[in-house]
Amino acid sequence: MTTSLILVDVQNDFCPGGSLPVPGGFDVIPVINRLQSLFGLVVATKDWHPKDHSSFAVNHGKQPYEVIELDGMTQALWPAHCVQGTPGADYAPGLDTKRIAKVFLKGVDRKIDSYSGFFDNGHKRATGLGDYLRQQGVTDVAVVGLATDYCVKWTAMDAQQLGFGTTVVLDACRGVNLKPGDVDRAVEEMKAAGIRLIEIAELLGAPKTARQAPAGGAP
């Protein structure tokens, strides 16, 4: 069994001070750095949007966090974020990137959003992450990063659907919680899908924690 660690979107715009900050976003960085040494293969994703991306509220003349129908799909509208080549799209300071073997870009098609590190939201285009992991002999993945209720959740759900044994390290993730309870609901969805939910102490050999589904908004 070969397990890969997937770092999801630990980018400036998703951390405090960014255009779409996840509460506590910086808190995941030391946890993720500590985790990396436990895995033989580390890969990462990046939101990498063109400036005219259809998920940006400004491109519809609307306010951030409104919800619209777009090409037959429900689309949350976001502040412009992680625009290609901008500082907001860079990895957050302090994140150890030396062990990242390959970075997979998502959200590159202006017409459709891409929460998952594997596919766009319509499952029309793959990022190449799934094929790469299989080529490396990976059978299992551990998912960490930002944000629990969006890109972490959908990356984990797609990994499980693709047949990888999937674990989410909850204290290495933080959520947006756009609506109260979104993180709790995301955790329950992942749990129902058969995804293993743990905290870093389990990987470090400490006694297993009782918590699987966190109360409140974090991680």
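Trainee: What does Leu 204 touch, not counting residues up to four places away in sequence?

Mentor: Leu 204 touches Arg 34 and Leu 38, where contact means heavy atoms within 4.5 Å. Bear in mind that this is a predicted model, in which local features need pLDDT of at least 70 and side-chain atom pairs count only at pLDDT 80 or more, while totals for chains, interfaces and linings use all residues. Residues are numbered from 1 along each chain as its sequence is written, and side-chain values use heavy atoms, with hydrogens and water left out.

Trainee: Why is Leu 204 called partly exposed?

Mentor: Its relative accessibility is 37%. Buried means under 20% relative accessible area and exposed means over 50%, with partly exposed in between (1.4 Å probe, protein chains only), so Leu 204 counts as partly exposed. Leu 204 sits in the segment after helix H5 (200–203); helices here are DSSP runs of H or I with at least four residues, strands are E runs of at least two, and both are numbered from the N terminus.

Trainee: What makes the nonpolar surface patch of about 210 Å²?

Mentor: Leu 38, Leu 203 and Leu 204 make it. Patch residues need over 30% relative accessible area and no salt bridge, and nonpolar side chains (Val, Leu, Ile, Met, Phe, Trp, Tyr) are joined within 5 Å, like charges within 9 Å. A salt bridge would be a side-chain nitrogen of Lys or Arg within 4 Å of a carboxyl oxygen of Asp or Glu.

Trainee: How do you know that the buried residues of helix H1 (residues 28–36) are on the same side?

Mentor: Val 28, Ile 29, Val 31, Ile 32, Leu 35 and Gln 36 are the buried ones. They cover an arc of only 165° around the axis, so they share one side of H1; the arc is taken from the directions from the helix axis to the C-beta atoms. An α-helix has 3.6 residues a turn, so residues three or four places apart point the same way. The face turned away carries the exposed residues Pro 30 and Arg 34. Among the elements covering the buried residues are strand S1 (3–8), strand S2 (41–47) and H5.

Trainee: What makes the buried residues of helix H4 (residues 182–192) line one face?

Mentor: Asp 182, Val 183, Ala 186, Val 187 and Met 190 are buried there. Seen down the axis, they fall within an arc of 135°, so they line one face of H4. Their cover includes H3, S7 and strand S8 (196–198).

Trainee: Which residues touch the most other members of the largest nonpolar core?

Mentor: Ile 6, Leu 133 and Val 168 do, in a core of 61 residues. Helix H3 (residues 148–161) gives the most to this core, with 6 residues. Such a core is a set of buried Ala, Val, Leu, Ile, Met, Phe, Trp, Tyr and Cys residues joined through side-chain atoms within 4.5 Å. Beyond its neighbours within four places in sequence, Ile 6 has contacts including Val 43, Phe 118 and Leu 133.

Trainee: Why is Asp 71 called exposed?

Mentor: Asp 71 has a relative accessible area of 63%, so it belongs to the exposed class. Asp 71 also has a positive phi of about 55° although it is not a glycine. Its place is the loop between strand S3 (67–70) and strand S4 (73–76).

Trainee: What is the peptide bond from Leu 146 to Ala 147?

Mentor: That bond is cis, with omega near 0°. Most residues other than glycine have a negative phi, and most peptide bonds are trans. Ala 147 lies in the loop between S6 and H3.

Terms used. Accessible areas come from the Shrake-Rupley method with a 1.4 Å probe; for residues, only the protein chains shown count as cover.
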